[in-house]
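Me: I would like to go through this structure term by term, asking on what grounds each word is used. Please set each value against its definition before you conclude.

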Amino acid sequence: MNQPLAYVHPGAKIAKNVVIEPFTTIHNNVVIGDGTWIGSNVTIMEGARIGKNCNIFPGAVISAIPQDLKFGGEESLAIIGDNCTIRECVTINRGTIASGQTKLGNNCLVMATAHIAHDCHIGDNAIIVNGVALAGHVTVGNYAIIGGLAAVHQFINIGDHAMISGGSLVRKDVPPFTKAAKEPLSYVGINSVGLRRRGFSTEKIREIQEIYRILYQKNYNTSQAVSIIEAEMEATPERDEILDFIRNSSRGVMKGYTGNY
């Protein structure tokens with residue numbers, strides 16, 4: 001249903017059952033999938049690729065050019081997966097020549113006023129809470145949750161199932177399955193509640209806890225902890241995911257908190 005007070009460029013490819021509310025503007029070179037609802041006063045700019053059954057609320061701006069002085073006008077994309085909810089006044093910039101795209105996975109929730117900068121890659125089922133600011137080139141894993149008003153430095157990696165406290169300043173990588181809080185941002189335990197909700201067994205949660213005890217609570221440096229985890233812990237997908245994350249961290253992983261866990 002295309003309202004007469006909305007503007008849709010003739011070059012946009014819109015599925016027949018998309019609902020577009022009044023005062024929305026959709027530019028050229030845009031693709032929107034079946035069942036998506038676009039609220040009033042939304043602006044969807046060139047390079048947007050929006051999946052099926054998404055809900056985009058008033059005031060959102062999707063696929064504006066990057067806020068990056070190095071951007072040279074190259075063609076790039078902002079990709080939003082299926083079943084995503086983009087709340088009021090969210091801004092999602094398209095990519096640069098670095099990766100060519102900003103990408104949001106399936107079943108994500110991005111709450112009001114959050115900003116997702118160029119070349120961010122966000123996994124499935126992630127939740128970005130109100131007012132979060134992601135700088136460029138940030139990677140967010142599946143099922144990760146970033147609390148309200150958190151600010152994430154460029155090139156940060158946030159692992160699967162991680163949970164970051166609201167108001168955090170994220171300057172270091174946040175490994176998978178962890179909770180991060182305090183200032184400076186620190187390990188404060190594993191996201192056991194979230195893991196239980198997603199079907200992780202008690203034994204699996206204990207395994208993950210033991211890995212992070214070695215990393216954060218045994219007074220080893222990171223290299224020593226990684227060697228001990230690899231030597232003493234049974235090889236499992238979760239163990240290997242944690243080790244690979246730490247080894248591939250270019251900014252270094254967050255430290256342990258010195259208080260009580």
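Reply: A residue is called buried at under 20% relative accessible area, exposed at over 50%, and partly exposed in between, with a 1.4 Å probe and protein chains only. This is a predicted model, in which local features need pLDDT of at least 70 and side-chain atom pairs count only at pLDDT 80 or more, while totals for chains, interfaces and linings use all residues. Residues are numbered from 1 along each chain as its sequence is written, and side-chain values use heavy atoms, with hydrogens and water left out.

Me: How do you know that the span of helix 2 is close to what is expected?

Reply: The expected span is 1.5 Å times one less than the number of residues. Helix 2 (residues 202-216) has 15 residues and reaches 21 Å from its first C-alpha to its last, against an expected 21 Å.

Me: Why is His115 called buried?

Reply: His115 has a relative accessibility of 18%, and therefore counts as buried. His115 lies in strand 16 (residues 115-116), and, leaving aside neighbours within four places in sequence, it is in contact with Gln67, Thr91, Asn93, Val132, Ala133 and Leu134.

Me: What makes the pair His115 and Thr91 a polar contact?

Reply: A polar contact is a pair of N or O atoms within 3.5 Å, of which, within protein, one must be able to donate a hydrogen and the other to accept it; residues adjacent in sequence count only if both atoms are side-chain atoms. The side chains of His115 and Thr91 are joined at 2.7 Å, and the pair is listed as a polar contact.

Me: Why are Cys89 and Tyr143 called partly exposed?

Reply: Cys89 has a relative accessible area of 43% and is therefore partly exposed, and Tyr143, with 32%, is partly exposed too. Cys89 sits in the loop between strand 12 (85-86) and strand 13 (91-93), and Tyr143 in the loop between strand 20 (139-140) and strand 21 (145-146). Cys89 has a positive phi of about 65° although it is not a glycine, and for Tyr143, likewise not a glycine, phi is positive at about 65°.

Me: How do you know that strand 14 and strand 17 pair?

Reply: Two strands pair if DSSP finds at least two bridges between them. Two bridges join strand 14 (residues 101-104) to strand 17 (residues 121-122), so by that definition they pair, and they run parallel. Lys103 stands opposite His121 in strand 17. These strands belong to an open sheet of eight strands in the order 2-5-8-11-14-17-20-23, with parallel pairing. Its edge strands are strand 2 (13-14) and strand 23 (157-158), each of which pairs on one side only.

Me: What makes the bond between Glu183 and Pro184 a cis peptide bond?

Reply: The omega angle of the bond joining Glu183 and Pro184 is about 0°, and the bond is listed as cis. Pro184 is placed in the loop between strand 26 and strand 27.

How values were computed. Helix = DSSP H or I, 4+ residues; strand = E, 2+ residues; numbered from the N terminus. Contact = heavy atoms within 4.5 Å.
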